[in-house]
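Look at the model below.

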Amino acid sequence: MSQIKALRGRAFSRELAGACIWIVVGLYFLIFSYQIREPLTLNKFDPGPSLLPKIMGVLLICGGVYAATKTIATRDCKRDDRNSRGSRLLAATVFFYIFLLPVLGFHIATAIFGVFSMVILSVGPGKSLICTLAIVALIHFVFVNLFAIPLPGFMGS
């Protein structure tokens, strides 16, 4: 009986840790978005470049709080460990993407992130590679060719 309680306690702490990771990442986006300076030439209705990280931070915090609340509310219920494992792997993939983006550049880091995240979500490797390459090409075309906005990395300029 004590082994079952210990296993449930470990599963509970793992799921709660996964939710806390999303909250920490959301706080990271939210706190450091205030360091993004807005150019002086913007009009008063332009939200500036810090709006997107602020929105992302708030959404990640809300998702983490929701996941933590759901974990605490369903503590005694039977869990599907496969879903929590996939969630942890996806969170780790997002962290590696954030850290690899400045090092490898947008194109390579996004391709690696797209393939790994789709494989985690049970998409076949061939289909995930094709979809990821299409997404990277579309983003490259829109930002680099249409808007002349360089993306991080050697292919962005």
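Which residues make a nonpolar surface patch of about 490 Å²? The patch is made by Phe-141, Phe-143, Leu-146, Phe-147 and Ile-149. The model is predicted.

One of these residues, Phe-143, has its place in helix 5. This helix covers residues 125-146, which is 22 residues. From the first C-alpha to the last, helix 5 reaches 30 Å, close to the 32 Å expected at 1.5 Å a residue. Helix 5 is followed by Ala-148, whose phi is positive, near 55°.

Helix 5 also has buried residues: Ser-128, Thr-132, Val-136 and Val-144. Helix 4 (106-120) is among the elements that cover them. An α-helix has 3.6 residues a turn, so residues three or four places apart point the same way.

The aromatic rings come next. A search of the whole structure finds four aromatic pairs. One of them joins Tyr-28 and Phe-29, and this pair is edge-to-face, with 6.0 Å centre to centre and 80° between the planes. Ring pairs also link Tyr-28 and Phe-29 with Phe-32 into a cluster.

| Residue | Relative accessible area | Class |
|---|---|---|
| Tyr-28 | 46% | partly exposed |
| Phe-29 | 23% | partly exposed |
| Phe-143 | 33% | partly exposed |

Why does Phe-29 count as partly exposed? Its relative accessible area is 23%, and buried means under 20% while exposed means over 50%, so Phe-29 falls in between.

How values were computed:
Residues are numbered from 1 along each chain as its sequence is written. This is a predicted model: local features need pLDDT of at least 70, side-chain atom pairs count only at pLDDT 80 or more; totals for chains, interfaces and linings use all residues. Side-chain values use heavy atoms; hydrogens and water are left out. Helices (H or I, at least four residues) and strands (E, at least two) are DSSP runs, numbered from the N terminus. The expected span of a helix is 1.5 Å times one less than its number of residues. Buried means under 20% relative accessible area, exposed over 50%, partly exposed in between (1.4 Å probe, protein chains only). Contact means heavy atoms within 4.5 Å. Rings of Phe, Tyr and Trp (its six-membered ring) pair if their centres lie within 6.5 Å; planes under 30 degrees apart count as stacked, over 60 as edge-to-face and the rest as tilted. Patches are made of residues with over 30% relative accessible area and no salt bridge: like charges are joined within 9 Å, nonpolar side chains (Val, Leu, Ile, Met, Phe, Trp, Tyr) within 5 Å. Accessible areas come from the Shrake-Rupley method with a 1.4 Å probe; for residues, only the protein chains shown count as cover. A salt bridge is a side-chain nitrogen of Lys or Arg within 4 Å of a carboxyl oxygen of Asp or Glu.
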